[in-house]
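Hi,

Here's the structure I promised to pass on. Have a look at it first, and then read my notes below.

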Amino acid sequence: MHLVIAEKPSVAKAIASVLKATVKRNGYIEGNDYIVSWCYGHLMEMKQPDEYGIWAGNWSFEQLPMIPDKFQFKVKSDAKAQFDVLKKLLKDDKVSDVICATDADREGECIFRYVYSFCGCTLSVARLWVSSLESSAISKAFKTMKGSNAYNSLFSAGYSRARADWLVGMNFSRLFSVRYSSRLPVGRVQTPTLAMIVKRDYQVTHFVKEQYFTVDFDCGFLASSERIDNRETAEQLAAAVSEYGSAVVEDVKVENKTVNPPKLYDLTTLQREANKRYGYTANQTLKYLQSLYEAALTTYPRTDCQYLPDDMQQTAEEMVKTVYTVYPHLGKVPAAYSLDKCVNNDKVTGHHAIIPCDNIKTVDLRKLPEGEQQILYLVCTKLAFAASEPHKYEAVTAVLKCVDNVFTAKGKTVLNNGWKGLESRAFSADDDKKGKAEEDTPLPKIEQGQEFQILGAGVAEHWTSPPKPYTEDTLLSAMEHAGEENYDEDAEKKGLGTPATRAGIIEQLMAHKLAMRKGKQIFPTDTGKKLIAILPPEIKSAKLTANWEMKLQDIERGAYSAEQFMTEIKQYVIDTCARYCSVDDKVSFDEKSIGNCPNCGAEIKQGKFGYYCTGKCGMNIARVYNKELTEGQLSRLLAGQKVSFTVKGKKSTVFPQIEPFSYKNKEGKEISGFQWCCILDDVIDKFKDHADPKYNL
């Protein structure tokens, strides 16, 4: 019998259906000479340093560098049952060969090979490479399987990445934790990403805005002067323009411009768009897309490609018709459409761009969770946009002269709305219409030498704008290009991490309390700032990490040696540990004290998970009715001042007084302690004349 091992049960179920294996067993499906089983993602994990025996005990410089002769693996504690099923099947005499059907990427290859190797299996292995879980795609993939050896380079890249992350993360976390006497998480990709967030936050907070002015006049359309840094100068010019009363056209430039349809989505561009339109984190988008893939509604999610191979063009163009059928508000199918610009065999590597699957026309999409509906809609409409006509417009720039000063007017006339018209129909309810600049408005017919009467002139005040804090959208873009502001979209990307790992890196920063979200924006925490401040440049270098990622891509293509890459990583770890193997007393990561507890008088400190009373008296320090207090609010309360914010939609005032509380938890255990006194403002207004004087209403 043939043993097929998929990455997840849902994928195994889809494969079993195609193979007509229908008998369900404990941990696998059997039938028609096939056994189809599955992993639950990674069943194996690398051992921690203290599990090797030689690096156990308290962290110290003497342990470093930690470089295993051979990296050791163990079965994850929550995966033992399914691992035992696979081990038994891999050792079963009735199994003649194995088919690896895990996700067709680095991680999928590692997931399978770690289990296969750990079980000591020697059976021959074929690789199922599939980018869609539609029945037709799975059937076709079974007919075109290659031997496992064809994917050795893919595994080498994945295994090299895992070992590099272990060596850098384990060694440098211990190195700098001992150096600064505090547990500090340091990672190969995580730390350079944090450094970019800290740098952007510094640019925002230290930005000094500058005021400047323009003189604008109305002559049937708006014309503006160049930047003027002095208000008095601007006012003098405005007065002179008004007095002169006319302006002459010195030059008119007319250009016909074309905006081609957008490329299809890869994972990163989809994550960015989903964050921009719906506010989803990269991790949420990946989860929704993974569910759509497993339901055979979209193609493989973890791709870094925005193109399709030649042999998919006809299928994809048929899918365009399906998109218009499924979403009738998009209008009629265009008489002529093409995906020619999206087809390029040379740019398709492991997986092609993300597109919808034919199943979208048979499934009731309204029954999908809202997040999946919205992500699927983005994927479908992007395919329709990509197949549409270009957007064409005429751009007019007129240069006028008045009192020896130059003024510019810009206008835009749409000649063919093309794909942008379709985009407007697709997102008419959500599109942000603001920012419709004057150049989006047509100018009247203007000729050189023409004179216009000035109807009015005035001074417009402007301020230079600071850079914006990162959002998930802009941070993903920065990670994709390693923080480089000027990059060629068509060049090979030297980024931080891969499309498959970037969402996880961002979530790690949140979990370690090194970064935080405020709405859509991402900021460093004080701990994150301090960590980046003390780490040496090479540890937080985006360029260095991006170069490593390029080498991993070269390993995947068979163009670079995995052994050479690991030699470089090991030497880097050895040199860094030798350079920083000493205690630095200049920086302290001690928990921050912000005052004393109003109940017991003990210090209140900021720990990894927020503020707490070191006396552990039961005082609720950091929250009021489940509303988290900021450091500023807490400081004001501790100083005897009241603060206000909204609780459950109503404005509330929190007082520096405390009151006891008591309740029973789900297990019926009595919980008691003290909390800040909080009263709704409408209650205050109603009863303040009769309130206890201690509340100082």
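Helices (H or I, at least four residues) and strands (E, at least two) are DSSP runs, numbered from the N terminus. On that basis the protein has 19 helices and 27 strands.

Before you dig in: this is a predicted model, so local features need pLDDT of at least 70 and side-chain atom pairs count only at pLDDT 80 or more, while totals for chains, interfaces and linings use all residues. Residues are numbered from 1 along each chain as its sequence is written, and side-chain values use heavy atoms, with hydrogens and water left out.

As for the overall picture, the C-alpha trace spans about 100 × 75 × 55 Å along its principal axes. Of the 697 residues, 47% are buried (under 20% relative accessible area; exposed is over 50%, partly exposed in between; 1.4 Å probe, protein chains only).

Now for Arg127, which sits in strand E8 (residues 125-127). Is Arg127 buried or exposed? Arg127 counts as buried, because its relative accessibility is 1%. Its side chain makes a polar contact of 2.7 Å with the side chain of Glu109 and reaches the backbone oxygen of Asp103 at 3.0 Å. (A polar contact is a pair of N or O atoms within 3.5 Å; within protein, one must be able to donate a hydrogen and the other to accept it, and residues adjacent in sequence count only if both atoms are side-chain atoms.)

Ser652 is in strand E26 (residues 650-664) and is buried too, with a relative accessible area of 1%.

Cheers
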